[in-house]
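Dear colleague,

I am passing this structure on to you and would be grateful if you read the notes below with it open beside you.

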Amino acid sequence: MIGALALTGCGGGDDHPAKQAHSPRPSAPVSAKPTALTVGFYGSSDEIAAYKQAVDNYDAAQQSVTLTLETWPSAAAMMSDLTAGKPAPDVFLSGRGDLDVLEKDKLISPVDELLAARNVDLGDAYSREALEAFSADRHLTCMPYAATPQVVYYNTDIVDFATMSAEGLATPGNLDSGRWTIPTFAAAVSWASRPAAGIRAFSLPKTVEGLAPYLYSGKGKVVDDESQPTSLAFSDPSNQNTWDQLLPVLSGHGAMLSDRQLKKHTALQWFEQGKLGMLVGDRSLVPELREHPGLHWDVISLPSVSGTTTIGDYTGLCLSAHTKQTQAAADLLAYLVSKPAVSLVAQSGFIVPVNTEVAMSDDFLQPTQQPLHAKVFVNNTRSMHILPIPSETLATLDGQVGGLIGQLLKPGADVGGTTAEIDATSKPIFGALNASLSPSPSASGSASANGS
């Protein structure tokens with residue numbers, strides 16, 4: 001299927017025309033009444049400002065189109081509006097984790113044929129993983145745009161690998177690949193933990209997302225069924241090795257920020273104050289950390305149990321199934337995923353573009369700025385696992401099991417009992433999710449799959 005998409009994107013046949021980045025150009029005569037389009041993005045105000053630059057460039061270059069920007073503070077807020085019946089923008093950003101809901105509610109239309117007609121290259125410019133993430137029924141449901149792999153941010157004054165190595169301690173090898181094991185991570189935690197100086201080594205979010213990468217890395221299970229989960233699977237025997245390796249490191253004295261400390265400041269604030277050695281986050285933290293010139297930091301992969309794995313999501317630009325201006329909306333979409341537009345947004349520091357040409361360019365790597373090893377973001381995208389849980393459900397899960405995860409991270413925790421309780425607590429939440437995704441009654445009045 002990916003090969004078919006690539007050929008379609010290249011125009012087919014034996015002679016391949018030279019690729020031109022889609023530039024803003026009118027899709028209708030200048031004398032025609034301007035076509036009104038809406039475009040939707042979510043994120044912080046600074047992230048929205050980065051997206052707005054590309055939108056404004058298109059709007060300024062067009063005389064046949066007028067654009068209205070719609071924004072949300074988060075993907076969950078956007079999905080809440082869309083599933084409640086708010087009309088979707090003609091073109092809008094979406095996380096891969098929400099595609100099932102968008103497709104079930106028939107809110108999006110395939111984009112591959114429209115983009116191929118506009119000479120958008122779906123071949124070498126995009127990884128197979130990114131294209132597959134947005135593919136269904138041999139069509140591209142949305143155009144891959146960016147990735148959000150979780151990595152470890154570390155204070156290079158606190159976690160000084162060079163000095164650790166000189167003293168004979170285990171340290172990571174190639175920092176661009178960023179692969180390191182749990183024993184090497186344990187050495188870094190021990191080195192960075194300085195309770196007397198008020199410095200803690202690591203902060204792990206007490207969430208499903210916080211622990212999921214390590215379970216996947218240990219060849220274990222996060223949910224009972226990746227295709228249609230009915231429960232978390234933290235108590236599954238496949239996870240025992242991960243718990244045996246990871247929990248003693250995280251529950252050590254002075255290793256983690258305490259609940260009391262987290263009530264005073266967030267983990268990010270402790271890191272910015274130079275009181276936290278390592279912090280988990282995605283690329284969106286980069287611009288804020290750069291605002292602290294005295295803070296020296298870099299990024300590395302999450303430590304691995306058996307193989308390098310992280311979690312995250314892809315974002316894609318989708319076309320509303322209900323747009324009344326399909327061709328004009330497709331023109332806008334083609335521009336927003338073009339190299340000039342993506343490069344402009346990448347320069348802001350917030351996103352990891354899935355356009356490989358942009359991701360390996362200085363527009364993204366920004367070699368004169370922190371982090372030094374920005375390639376870690378690109379490399380980790382290749383090992384990124386997407387949790388099979390919609391964002392709203394994930395937020396509900398975290399609210400219900402966060403306290404139990406906190407218990408799991410304490411010294412002497414009852415691992416078997418606590419993980420079993422986590423799994424049991426999750427079942428009603430997944431039950432509600434699966435009921436909402438069940439087919440609705442047909443026109444003939446037959447019952448839906450959940451019996452309603």
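What follows describes some aromatic pairs, a helix and a sheet.

Please keep in mind that this is a predicted model, in which local features need pLDDT of at least 70 and side-chain atom pairs count only at pLDDT 80 or more, while totals for chains, interfaces and linings use all residues. Residues are numbered from 1 along each chain as its sequence is written, and side-chain values use heavy atoms, with hydrogens and water left out.

I begin with the aromatic rings. Rings of Phe, Tyr and Trp (for Trp the six-membered ring) are taken as a pair if their centres lie within 6.5 Å, and planes under 30 degrees apart count as stacked, over 60 as edge-to-face and the rest as tilted. By this rule there are eleven aromatic pairs. In one of them, Phe-161 and Trp-180 have ring centres 5.8 Å apart and planes at 85°, so the pair is edge-to-face. Phe-161 belongs to helix H7 (residues 161-166) and Trp-180 to the loop between H7 and helix H8 (182-192), so that the pair links distant parts of the chain, 19 residues apart; helices (H or I, at least four residues) and strands (E, at least two) are DSSP runs, numbered from the N terminus. Phe-161, at 10% relative accessibility, counts as buried, and so does Trp-180 at 2%, where buried means under 20% relative accessible area, exposed over 50% and partly exposed in between (1.4 Å probe, protein chains only).

Phe-185 and Phe-202 are also edge-to-face, because their ring centres are 5.0 Å apart and their planes stand at 80°. Since Phe-185 lies in H8 and Phe-202 in strand S9 (residues 200-203), this pair ties together parts that are 17 residues apart in sequence. Together with Tyr-154, the residues Phe-161, Trp-180, Phe-185 and Phe-202 form one aromatic cluster.

In H8, the buried residues include Ile-182, Phe-185 and Val-189. Among the elements that cover the buried residues of H8 are H7, S9 and strand S10 (276-281), contact meaning heavy atoms within 4.5 Å.

Finally, four strands form an open sheet with mixed pairing, in the order S9-S10-S8-S11, where two strands pair if DSSP finds at least two bridges between them. The edge strands, S9 and S11 (297-300), each pair on one side only. Strand S8 (residues 151-155) runs antiparallel to S11 and is joined to S11 by four bridges, and Val-152 stands opposite Ile-300 in S11.
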